[in-house]
Amino acid sequence: MSDKRTFLMHVFAGALIVIAVIVGMTLWTGEGARTAADDAGDKVSEFYLQELAGRRSQAVAELIGTEFKQMERAVDLMMPEDLASEDSLRAFIGRVETLCDLDLFAVVDEDDVVYARYATYMGGSRYEFLQEGRELSGRLVSTTSLYGASKQVCLAVPVYDRAFMGKKLKACFVQVDIDDIISTLTYNDEDGGETSCCIYYKNGENLTQMGFGPIGANENLLNALRGQVDVSEWRRVQESFDRGRQGEVRFAYKGATETLYYMPVEDTSWMLAILISDSLIRDQIRSVSDGMLAQSTIQILVTSIVLLVYFGMLVFRMRRVSITMLEKEREQSRNVGERAERSEQELGVIKEIAYRDALTGVKSKYAYTEEEPAIDEAMRDGSIGEIGVLVCDVNNLKYVNDTYGHSAGDEYIKAACKLVCNLYDHSPVFRIGGDEFAVILRGEDYAHRHEILAELNRIVEENNARGEVVVAAGMAEYEPGDARLRDVFRRADRRMYERKALLKQLQGANQGPR
Amino acid sequence: MRVFRMGTSLALAILFALAMLTPMRIGNKALAQDEAKRKTVQSDTAQIVQNAVDFDHALDGYVPKKDHYNVYLTYKLVHPWWDAVALGIEDAQRQFLDRGVTVTYEYLAPKAASAEDQKQRLLEAAKGSYDVIGVDVADVDVISPILDELMAEGHKVMTFSSSDAAQGCKRIAYVGNTHNYEDGAQLAEALCKKLGYRGKIAILVGTNGAPCHEDRARGARDAIEKYDDMEVVEVEYDDDSSTRAYELTRQILDNHDDLAGIVCCNMSNPVGAARAVVRSGREVVIVGMDHDREALRYLSEGVIYCLGVQDCYSIGFDTLQTVVKIADGVMPGKAYPETKNENTTIIYQDDAKLMRQVLYGDM
């Protein structure tokens with residue numbers, strides 16, 4: 001019972017170890033895969049951000065470049081007749097706005113008077129490029145504040161060799177709503193996440209009216225970053241902004257981890273910033289790897305369960321087979337025992353049959369032959385001691401058989417045997433032939449052999465006289481020089497015949513058997 | 001017995017739940033009270049700022065008689081304050097355009113305030129084909145007769161923005177600040193109260209002769225002189241230059257070691273005054289006018305005590321609406337008032353943050 005329990009425990013412990021190793025290896029591999037996925041996510045994110053920022057920056061630069069080109073083309077198209085009167089100038093400006101799809105186009109004279117499609121106004125205090133002491137020598141990107149904190153981008157180019165109402169024209173410009181540009185650059189993904197895009201001045205002030213991810217529209221980006229990253233990191237970002245260099249910084253802000261990528265916008269003093277939820281790409285990659293990992297885990301678990309069940313069933317089956325085999329073995333051993341016992345019994349019976357004479361109940365000739373070798377051996381080695389053989393032969397058996405039938409003959413034999421057995425009750429009596437008996441004399445019977453033989457002869461003679469059973473007996477003793485029992489037997493047999501002859505004579509005298 | 005046990009358990013459960021919920025309710029109530037208090041403060045500030053600058057304007061139901069108007073508007077000098085007025089005008093112009101009415105206009109001024117320049121501009125405009133001529137009067141004595149002349153010539157003339165013409169001028173209407181004297185008095189009153197009605201005060205003014213500036217200075221002086229322990233020690237004009245205001249303030253500070261306060265009557269005054277006071281390191285209470293970005297920063301820092309913010313946007317918007325009605329020959333009355341008053345709101349340090357955010361996007 002204890003062995004069985006130990007075996008089962010070993011089996012289950014082994015199964016559990018195997019499963020634990022498989023699960024452990026799976027988790028380890030999974031963790032490795034996840035780390036690799038994260039690394040890949042970071043690299044992809046970085047690349048994605050760079051690409052995204054680059055494209056957007058380029059888009060903004062191209063848009064600004066296009067506006068500049070349109071303006072320059074508009075100036076080229078400006079004919080003297082367009083400058084003939086205020087009405088003709090306004091009409092020209094209107095045409096330019098329509099043809100070149102410009103939001104607001106205007107020209108400025110040497111007194112900073114701005115001529116727009118519907119208004120003529122003073123620009124000196126309103127536009128950066130018209131501030132006192134400033135000379136416009138080429139393309140200039142600036143911003144102008146509107147009431148309500150909104151700003152517009154002001155793109156100005158110098159104008160040469162043109163005059164209006166006796167005043168030299170010195171510049172023309174367009175005003176563009178920067179929010180319109182930015183709103184087209186912000187990308188919403190399908191999962192609701194947002195990749196924010198915004199433009200900042202180099203001091204971190206928002207150029208637009210738009211929020212930037214978790215950072216409010218009115219928040220200074222550099223101020224918002226302060227405290228979210230360590231001081232050295234913040235200084236690096238500030239310096240990058242100040243010098244118009246691209247860079248990247250990761251920070252946690254209002255509960256979300258964000259990655260900010262920034263780069264200068266060509267031909268401006270702006271910084272284009274892209275903000276992406278740190279985990280947007282990594283999460284997607286991770287979700288794929290997690291899905292695969294989950295699938296593998298499920299597979300491993302199912303395999304483990306199957307293995308466990310299989311082990312259980314195997315053990316159960318083995319146990320049943322063992323029990324069945326044990327039962328069979330028990331049954332077999334029980335059968336063998338029974339069979340052996342039965343064989344023993346049968347052998348005993350057979351032996352009994354073989355050893356016992358069926359008619360008389362004394363030992364058979366077979367028993368005599370079985371006895372003989374042992375006595376021969378004892379004779380040979382000199383350990384035989386005193387032994388004698390009595391040989392008897394039933395007289396008149398043929399006569400009885402022939403006269404009274406075989407049944408009477410059998411009875412006759414039995415009577416003869418009884419006679420011998422009664423006298424030699426300490427010695428084995430063998431029926432060694434149809435009408436012959438032998439007695440091996442030992443012990444008491446050997447000691448009184450002569451007296452017993454004499455008594456037998458006396459009874460036989462009386463029987464002979466009365467016509468009853470007659471047994472002729474001859475006795476011989478072992479004598480030194482006898483090699484085998486047969487030697488003794490021969491002498492006894494010879495004497496039996498001598499006696500038989502004698503009894504025949506006596507029978508004749510008594511008128512034969514009755 | 002079983003029913004009794006169940007009833008007891010139920011009662012205990014209810015008691016437990018009530019015991020758990022009671023502190024939450026108390027906590028929630030406290031939170032709600034805090035929230036309400038905060039909202040009240042916020043809404044007070046928001047209300048003040050909203051009153052001060054109202055960008056939410058729509059044209060009234062008046063239907064213009066023409067589809068095109070041409071207007072000439074001139075003001076004192078090139079300055080951000082009038083740029084803010086211009087934005088209101090531009091918005092109204094866009095809204096008229098949306099209704100199919102084109103309003104073209106000129107909105108011009110000299111780089112430095114000059115009544116003579118303004119006079120010349122008006123006379124020049126009179127030669128043009130403008131439906132209406134509007135002016136922010138640089139000097140009532142110089143400009144008012146010109147306006148009367150123009151009216152006599154059949155031009156439709158109105159005044160707008162910060163300064164009206166002289167009493168009795170025949171101009172058709174005025175849109176803008178009608179209470180400059182009161183604004184000056186109110187600022188000075190706030191200053192006096194802050195100083196405990198004691199101390200020496202300097203008054204900075206903008207352009208000499210500009211009605212709005214002069215009226216404010218007068219209002220301030222009158223308010224201060226009510227108090228025996230207060231004295232106006234100097235009055236200086238900066239010609240609407242913050243640099244000049246700075247220099248003047250430094251000089252005033254040097255002249256008066258015990259100067260307690262400064263009343264600033266235009267937009268450039270408080271900027272220059274604050275710079276000089278900060279530089280001196282002295283504690284001088286400054287009150288002033290308008291919404292200059294730098295002045296608002298000084299307000300939020302507590303260098304300036306309060307500012308009177310005029311609703312420039314509304315002035316501009318309402319001016320153009322009135323222009324169209326005047327051009328159509330509609331006289332003041334039911335369609336529009338002869339004098340359209342626009343608000344001036346006194347804002348303090350608590351309001352500065354929101355005002356900066358609303359006007360300039362500053363945080």
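Guide: Begin with charge: domain 1 and domain 2 of chain B have zero salt bridges between them, a salt bridge being a side-chain nitrogen of Lys or Arg within 4 Å of a carboxyl oxygen of Asp or Glu. The model is predicted: local features need pLDDT of at least 70, side-chain atom pairs count only at pLDDT 80 or more, and totals for chains, interfaces and linings use all residues. Residues are numbered from 1 along each chain as its sequence is written, chains are lettered from A and ligands numbered from 1 in the order in which they are written, and side-chain values use heavy atoms, with hydrogens and water left out.

Visitor: Which residues make up domain 1 and domain 2 of chain B?

Guide: Domain bounds come from an automatic or database domain assignment. Here, domain 1 of chain B is 68-178 + 312-342, and domain 2 is 180-310.

Visitor: How many residues of domain 1 of chain B are in contact with domain 2 of chain B?

Guide: Contact means heavy atoms within 4.5 Å. In chain B, 16 residues of domain 1 are in contact with 16 residues of domain 2.

Visitor: What area do domain 1 and domain 2 of chain B bury between them?

Guide: Buried area is the accessible area (1.4 Å probe) that two parts lose on being put together, summed over both. For these domains of chain B the value is about 1,200 Å², with 57% of it on carbon and sulfur atoms. On the side of domain 1 of chain B, the residues B:H79, B:W81 and B:N177 lose the most area to domain 2 of chain B, together 37% of what that side buries.
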